[in-house]
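Work through the exercises below with the sequence and the 3D view at hand. Each task is followed by a solution in steps.

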Amino acid sequence: MSGKRYITVILPLKIGWTPYYEIPADEKVCQGLWVRVNFANKEYSGIIHETDVTPGTETSKIKTVISVERQVAPVGHNEIRLWEMVSEYYLCTIGEVFKAAYPAMKISRQEALARMQEKDRERKRKNLDRLYLKARKTSERIEQKKKKLSETENSSKKREKLAAELKSGIADLEMELASIMKNISEEENPGGIYVEYDTFQTVRGISLTPGQNEVFEAALEAFKGMKPVLINGVTGSGKTEIYLELARRTMSEGRNVLYLVPEIAVSRQLKDRLQSVFGSRLMTFHSEETAASKRNTAEKIRTGASGGNRYIILGTRSALFLPYENLGLIIVDEEHDSSYKQDSPAPRYNGRDVAVMLARLHQCNIVLGSATPSLESIFNCSCGKYRMLTLRSRYYGADEAEVEIIDTASERRKNGMYGLFSLKLIEHMKAVLDCGEQILVFRSRRAFSPVLQCPGCGTIIRCPHCNVSLSYHKNPERMVCHHCGFTTTFNPACPKCGTMLQGLGSGTQKIEEEIRKLFPEARVSRLDSDTAKSSVPDIIRKFNRKETDILIGTQIITKSFDFPALSLAAAVSADSLLGIQDFRADEKALQILEQLRGRCGRRDRKGLFVIQTNQPDHPVYRKFAEGDATDLYGSLMAERREFGYPPYTRLINISVKDPDVGRCEAAATALSGILKSMLAEPSGENDIEPVSDPFSPPVDRIAGDHIRIIRVTLRKDKELLSRKKAIAGGIDGFIRKSRFKGQIILDVDPE
Ligand code: ADP
Ligand code: ZN
């Protein structure tokens, strides 16, 4: 037995135990090296986790590695450390994290490709230089005008006409700049972070306002104590400018920057802005990119690290797993956004929270920002873990948009409704269109109608695989399940009695149809998850350039877009935000409302935000219209505390899934019992039961699987980690003993 050497290997699989392999006596190995191994009769690429271990299993069964892949750069120690942290926190296997970090699994050699690309680069570089020069000139003209504008505004005799002219001049130039930047961003950036690019001139400088500068300085101060910073600033207050300045400074000190956004569609405008400051030092990384492009970026980061060049990565949560070295700053933009949470597959992580882990690992600075911070982050500020910095005024000085709540029930009684729109809202819309300004119309549901019902016999058309109704879509006409994606042709006759089906409720498509009827002259477009991914940037760009007048959409349109000529936002059937049975519902509703309000009147105009509702007295609307955010957060926080919800506790949702309802329920009941006996003590200050009985989620059958949920509520104390481990162990034990063949899915910090 002596002389044999063993290692553990991370494989891209969900295996709850550690696979050991033997390594030939003469191979020198270390953590992070890629190896080829056999596992369950298949060949895999894996990563050496630990070397020189003493196997906990029968050594005669241990296989020898097939090969050690020395031609591939090994995975860094910090990368593996992050995988360990994520798998420990989110109760998944390290292999699942590895798979998320290296999804392509291909060990490819880039050299040949790189050489081929070099020629092409030369040509593109010249083109880019020309565009940047043009952009720089335009940008200088903007700066001159802005300077003049502030002189005008500060002078004793107010010259409003001149100011207005200057403002419109600035807006035009910014539009022009945006179009140049668009051309730049469409030019593939050839240089990346290579040395010759270090001398590259960027387009514009950053000059913070005194208020912004105060926050900037305070952030630097907090960084000294290694504290994460939360910038709580109204939309348009210049949070992004501060991020840019922090990033610029970090890079000038020779360290790299990661700029995280919840979704890439939103980052479209941001990319142009970042490019205008950082030129070709900017790289993007998100799930829509090709595998080759991702690998390329990862490679640049790895080699850039050794070459000492600075870069800034703009990316979504998957960018957290890049092979960083020398990371100096992480920015988490729109930190409240639930798109940071990965639903499926494991690891079901929250990008914001993993960003904090990554920062700790690299001993680097981290700044979170939002106009509507999550209660979690506010809580972390109040207990001193994070430092909160607040920005109250908008850069362009405009006041917050006014809020008008329209009671649709009462309007309907007064014949004041025209379909889904109140005459009051229609009047506002007309006025806005007449001035050549723009409108955003929000509806939380896509499709035409969410439900099809037979008026004759009451039959509702349901998904054959899920316990949910099919939605009716137009253009092309079809019925779609929004849970499993099942799609079928539309047959207007009831399958039971033949009566013509009726659509109930209204989604974005119906709103679009009504708007087109109401305003036949207006240029209208729609943005929701039915929109083809490839056309999203185009729709946003057109609206930004005022080539469309009205944009209708779901949550996506509430995100951080900056539309200069937008002066009216409307939530037509806002109540769908409230009907959700979830402890986060009010917080989310408020965030959406606040984000919508923030979209309008970003420049000199004062905007209007209209909420149409059947429940005008609902506390969410009342408090929102009164506009006292601190008060509101205070009461939400008090509620969370009283009922033992996060951030006062930590939740784990355990979903039990099985195609057979009896098996599903039996397993859930048995598992809940086991966990209850394991976590007997109450976990909250107010005797919250740590383990719930199994319950059915709102949609209790998806894609053929019945679903039951067990909710675990844990106190945030020293025992937390060991309790989490105990739960994971309890579940493993249950699966082994009961031979349950369905799925058990753990979701730590569910959204
Ligand atoms: P936020 O990120 O808080 O929503 P932004 O950074 O997008 O705010 O700023 C809103 C608008 O004001 C943008 O058009 C931005 O260019 C402009 N702006 C903000 N601060 C400055 C500044 N210090 N100098 C020049 N423009 C600024
Ligand atoms: Zn379905």
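**Exercise 1. The surroundings of the ligand**

How many residues surround ligand 1, and which are the closest?

Solution. Ligand 1 is surrounded by 19 residues, where a residue is near if one of its heavy atoms lies within 4 Å. The closest are Ser 207, Gly 236, Lys 239, Thr 240 and Arg 273.

Before going on, note that this is a predicted model, in which local features need pLDDT of at least 70 and side-chain atom pairs count only at pLDDT 80 or more, while totals for chains, interfaces and linings use all residues. Residues are numbered from 1 along each chain as its sequence is written, chains are lettered from A and ligands numbered from 1 in the order in which they are written, and side-chain values use heavy atoms, with hydrogens and water left out.

Next, sort the shell by class. It has four nonpolar, eight polar and seven charged residues; Ala, Val, Leu, Ile, Met, Phe, Trp, Tyr, Cys and Pro count as nonpolar, Asp, Glu, Lys and Arg as charged, and the others, Gly among them, as polar.

Then look for the element with the largest share. Helix α6 (residues 239-252) gives three residues to the shell; helices (H or I, at least four residues) and strands (E, at least two) are DSSP runs, numbered from the N terminus.

**Exercise 2. Backbone contacts, cover and domains**

Solution. A polar backbone atom of Gly 236 is 2.8 Å from an oxygen atom of ligand 1. For Gly 238, the distance from a backbone N or O atom to a ligand oxygen is 2.9 Å. For Glu 241, a polar backbone atom and an oxygen of ligand 1 are 3.4 Å apart. On its own, ligand 1 has 550 Å² of accessible area, and the protein covers 90% of this (Shrake-Rupley method, 1.4 Å probe).

Last, the domains: ligand 1 lies between domain 3 (210-391) and domain 4 (402-448 + 506-642), because both give residues to its shell. The domain bounds come from an automatic or database domain assignment.

**Exercise 3. A sheet and its edges**

In what order do the strands of the open sheet of four strands lie?

Solution. The order is β27-β28-β26-β29, with antiparallel pairing; two strands pair if DSSP finds at least two bridges between them. At the edges stand β27 (701-702) and β29 (743-748), each with a single partner strand, so one side of each has no neighbour in the sheet. Strand β26 (residues 649-658) is joined to β29 by six bridges. Lys 657 has Gln 743 in β29 as its bridge partner.

Definitions and conventions. Polar contact = N/O pair within 3.5 Å; in protein donor to acceptor, adjacent residues only side chain to side chain.
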